Amino acid sequence: MQLQEEEIEEIKAETGFSKNQILRLYSRFTSLDKSNNGCLRREDFLRIPELAINPLGDRIVHSFFAEGNDGETINFRQFMRVLARFRPLKKNIEKNTMNNRDEKLRFAFKMYDLDGDDKISRDELVQVLHMMVGANISEEQLGSIADRTIKEVDLDKDDFISFEEFVKAMTKVDVESKMSIRFLH
């Protein structure tokens, strides 16, 4: 299955990737598509060594399927929409693309919002911290870190971190560069 010129142009406009980048990412996508049906399953992502060893690999893979219609597979366009959030920002050029600060923060927030209820609870924070550090820190220490984080970030004192509170807490973080991957040119 080949990408049509019209599809390439649409993906370019939607994601900001160059034609060359789209073609290279399509090649990578098709090499992961072992069933040759134009869609990827979760298992296909786990063949990527960098994801397999990443402590948040499952959460990253989950983010791709949040874009999917059935939650089981994603097509190339959905794949590109998620990747677009990691494309480096070109200063003063892009405002309404998928890789702006707000989209990057929303993506990061969803990494912590395990149940998808638009708020981060203490338990979710502990679970994600546990994924990141494994058995290197005790449950008690993780709980203490989560408690301190919520105490500092939870401005309305409802014991949850909302997206707005998350954004406020991240004001001094250079999200644009920390959540960027250099794609092939």
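**Aromatic pairs and the nonpolar core**

Modeller: Searching the whole structure turns up twelve aromatic pairs. Rings of Phe, Tyr and Trp (its six-membered ring) pair if their centres lie within 6.5 Å. This is a predicted model, where local features need pLDDT of at least 70, side-chain atom pairs count only at pLDDT 80 or more, and totals for chains, interfaces and linings use all residues. Residues are numbered from 1 along each chain as its sequence is written, and side-chain values use heavy atoms, with hydrogens and water left out.

Colleague: How do I read the geometry of the pair Phe 45 and Phe 65?

Modeller: Planes under 30 degrees apart count as stacked, over 60 as edge-to-face and the rest as tilted. Phe 45 and Phe 65 are edge-to-face, at 5.6 Å centre to centre and 75° between the planes. Phe 45 lies in helix α3 (residues 42–45) and Phe 65 in helix α5 (residues 57–66), so the pair ties together parts that are 20 residues apart in sequence. Helices are DSSP runs (H or I, at least four residues), numbered from the N terminus.

Colleague: Is Phe 45 buried or exposed?

Modeller: Buried means under 20% relative accessible area, exposed over 50%, partly exposed in between (1.4 Å probe, protein chains only). Phe 45 is buried, at 1%. Phe 65 is buried too, at 3%.

Colleague: Why is the pair of Phe 45 and Phe 79 tilted?

Modeller: Their ring centres are 6.2 Å apart and their planes meet at 45°, so the pair is tilted. Phe 79 sits in helix α6 (residues 76–84) and Phe 45 in α3, so this pair ties together parts 34 residues apart in sequence. Phe 79 is buried, as is Phe 45.

Colleague: Which residues touch the most other members of the largest nonpolar core?

Modeller: A nonpolar core is a set of buried Ala, Val, Leu, Ile, Met, Phe, Trp, Tyr and Cys residues joined through side-chain atoms within 4.5 Å. Of 42 residues here, Ile 22, Phe 45, Phe 64, Phe 76, Phe 79 and Met 80 touch the most other members. Helix α6 gives the largest share, six residues. Domain 1 (5–86) and domain 2 (100–179) both give residues, so the core lies between them. Those bounds come from an automatic or database domain assignment.

Colleague: Where does Arg 106 lie relative to Phe 163?

Modeller: A charge sits over a ring if NZ of Lys or CZ of Arg is within 6 Å of the ring centre and within 35 degrees of the ring normal. Arg 106 lies over the face of Phe 163, 4.0 Å from the ring centre. Arg 87 lies over the face of Phe 17, at 5.8 Å.

Definitions and conventions. Helix = DSSP H or I, 4+ residues; strand = E, 2+ residues; numbered from the N terminus.
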